[in-house]
Each structure stands twice: as structure tokens, then as C-alpha cells.
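Please read it alongside the sequence and coordinates shown here.

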Amino acid sequence: MNLEMEKGTEALAKAVDASPPRELERQPYDDFDIAVIRALQGPMAVVERPYDEAAAELGISTEALLEHLCGMVERKLLRRVAAILYHRRAGFSANGMGVWRVPEEDILEVGAAMASVRGISHCYQRPTYADWPYSVFTMAHGRSKEECDAILDSIAGDHGLHGDDRAVLYSSTEFKKIRLHYFTPDYAEWEATHA
């Protein structure tokens with residue numbers, strides 16, 4: 001997601017470079033990889049050297065931690081270490097799920113183009129049903145409902161999706177927003193019960 005924090009609606013509705021979707025294969029990992037994930041998955045202090053604390057917890061130098069993270073990227077265990085943006089706190093208090101009727105043969109191309117729009121944080125292909133023909137979902141974020149509408153209208157115009165080819169579902173309440181944590185006691189308990 002690449003929200004435009006300084007410019008207006010027009011900039012938020014423009015496309016930027018997007019990574020193509022990719023299928024991921026299961027990758028092997030070891031106990032040290034798990035320890036690294038545990039050390040980095042909580043809040044990080046906003047300091048000049050944010051990895052120092054995790055490195056100390058792991059008993060290694062910060063340089064060794066950064067080298068190990070690069071190796072995890074190469075082994076496809078890790079894509080990035082990223083901050084969570086609480087978009088409502090940043091002023092993007094409106095969001096709308098744009099749902100689109102995109103022909104099956106066009107989904108990959110059109111979905112990739114939709115995902116590249118700055119104001120879109122999520123873009124998914126979904127199954128269709130007799131009473132729900134929408135195959136692509138996009139989550140638009142804006143500072144107002146009108147800004148979300150402008151983002152989704154821009155997408156509609158770019159792809160000729162109007163009338164029954166689209167709908168918008170607006171959020172009215174955010175009930176839960178939590179960071180996903182891996183390799184926790186809760187996860188181990190759930191896995192033991194359900195695996």
C-alpha cells in the first residue's frame with residue numbers, strides 16, 4: 001500500500017508500480033529462524049538502530065541479524081520487515097471495498113492494474129456465485145467517502161466497469177485490527193488441537 005499522505009485525491013487515485021502476484025512454495029526453516037521471527041514480530045522502537053534490541057535478545061550482533069534476514073529473504077522465508085500503518089490514525093478514516101465483475105480471462109491483467117493504484121491496499125481474486133458475480137475485490141482507503149469514490153471511479157473508468165459490473169461496500173465500524181504473530185504459545189495450542 002502506498003497511500004499519498006501529502007497530495008490530494010487525484011494523486012491517491014493514480015497507479016504506481018506494483019509487484020506481480022506470486023505463488024509461494026513451502027520453505028524449510030530452523031529453530032534460529034523461528035527465534036528471529038519471534039524477536040522481530042512485536043513493536044519496534046522508533047530509534048536510530050531499531051534492530052539492536054532484537055539482536056541483543058538473540059545474542060548476536062546487529063550486523064549478524066541483518067545478514068541472517070537477508071538470507072531469509074533469499075530463502076523466501078521473508079519478504080520484508082514493515083511497519084503497520086493504522087490508516088485511520090493517519091487521517092484515512094474512510095474505506096470501501098470495491099467489488100468488480102471482471103471476465104475470467106482478464107482477471108490477472110486487470111487485477112494487477114487495480115492493485116497498482118495508490119489508494120488500494122488489498123486486491124483479491126474471489127470466487128463468483130449465481131447471485132454474486134464479482135470476481136475481483138479492492139480495498140480503497142481515503143480521507144473521506146468521496147475520496148474512496150474517486151479512487152474506485154478512476155478504476156471503473158480505466159477498465160470500463162460501470163453499472164452492474166461494480167459495487168462498493170463501505171465499512172462503518174472497525175471491530176478488530178491485530179498484528180499477526182507466529183510461533184506463539186496460543187498458535188502451538190491451536191495447532192495441537194486442530195492439526
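## Overall architecture

The chain contains seven helices and four strands, where helices (H or I, at least four residues) and strands (E, at least two) are DSSP runs numbered from the N terminus. Along the sequence these elements follow the order α-α-α-α-β-α-β-β-α-β-α. This is a predicted model, in which local features need pLDDT of at least 70 and side-chain atom pairs count only at pLDDT 80 or more, whereas totals for chains, interfaces and linings use all residues. Residues are numbered from 1 along each chain as its sequence is written, and side-chain values use heavy atoms, with hydrogens and water left out.

Of the 195 residues, 30% count as buried; buried means under 20% relative accessible area, exposed over 50%, and partly exposed in between (1.4 Å probe, protein chains only). The accessible surface comes to about 13,300 Å², with 52% of it belonging to carbon and sulfur atoms, as computed by the Shrake-Rupley method with a 1.4 Å probe. Among contacts (heavy atoms within 4.5 Å) with a separation of 6 or more, 69% are accounted for by residues 24 or more positions apart.

## Helix H5 and its surroundings

In helix H5 (residues 107-115), the buried residues are Ile107, Val110, Gly111 and Met114. Viewed down the axis of H5, these buried residues fall within an arc of 100°, so they line one face of the helix; the arc is that of the directions from the helix axis to the C-beta atoms. The face of H5 turned away from the buried side carries the exposed residues Leu108 and Glu109.

The buried residues of H5 pack against strand S1 (94-100), strand S2 (120-125), strand S3 (136-142) and helix H6 (145-159).

## Aromatic side chains

Four aromatic pairs are found in the whole structure, a pair being rings of Phe, Tyr and Trp (its six-membered ring) with centres within 6.5 Å, and with planes under 30 degrees apart counted as stacked, over 60 as edge-to-face and the rest as tilted. One of them joins Trp132 and Phe137 in an edge-to-face arrangement, at 6.4 Å centre to centre and 75° between the planes. Trp132 is partly exposed at 28% relative accessible area, while Phe137 is buried at 14%.

Tyr29, Tyr182 and Phe183 form one aromatic cluster. Phe183, which is found in the loop between strand S4 (166-170) and helix H7 (185-194), has a phi near 60°, a positive value in a residue other than glycine.

## Salt bridges

The structure holds seven salt bridges, each defined as a side-chain nitrogen of Lys or Arg within 4 Å of a carboxyl oxygen of Asp or Glu. Asp33 and Arg75 meet in one of them, at 2.8 Å from N to O. This pair links distant parts of the chain, with Asp33 in helix H2 (residues 31-40) and Arg75 in the loop between H4 and S1, 42 residues apart. Asp33 counts as buried at 0% relative accessibility, and Arg75 as partly exposed at 32%.

Glu63 and Arg49 form another salt bridge, at 3.7 Å from N to O. Glu63 lies in helix H4 and Arg49 in the loop between H2 and helix H3 (52-58), so the pair ties together parts that are 14 residues apart in sequence. Arg49, Asp52 and Glu63 are linked in a network of salt bridges. Lys145 forms a salt bridge with Asp149, with the closest N and O atoms 3.1 Å apart, and both residues lie in helix H6, four residues apart, about one turn of the helix.
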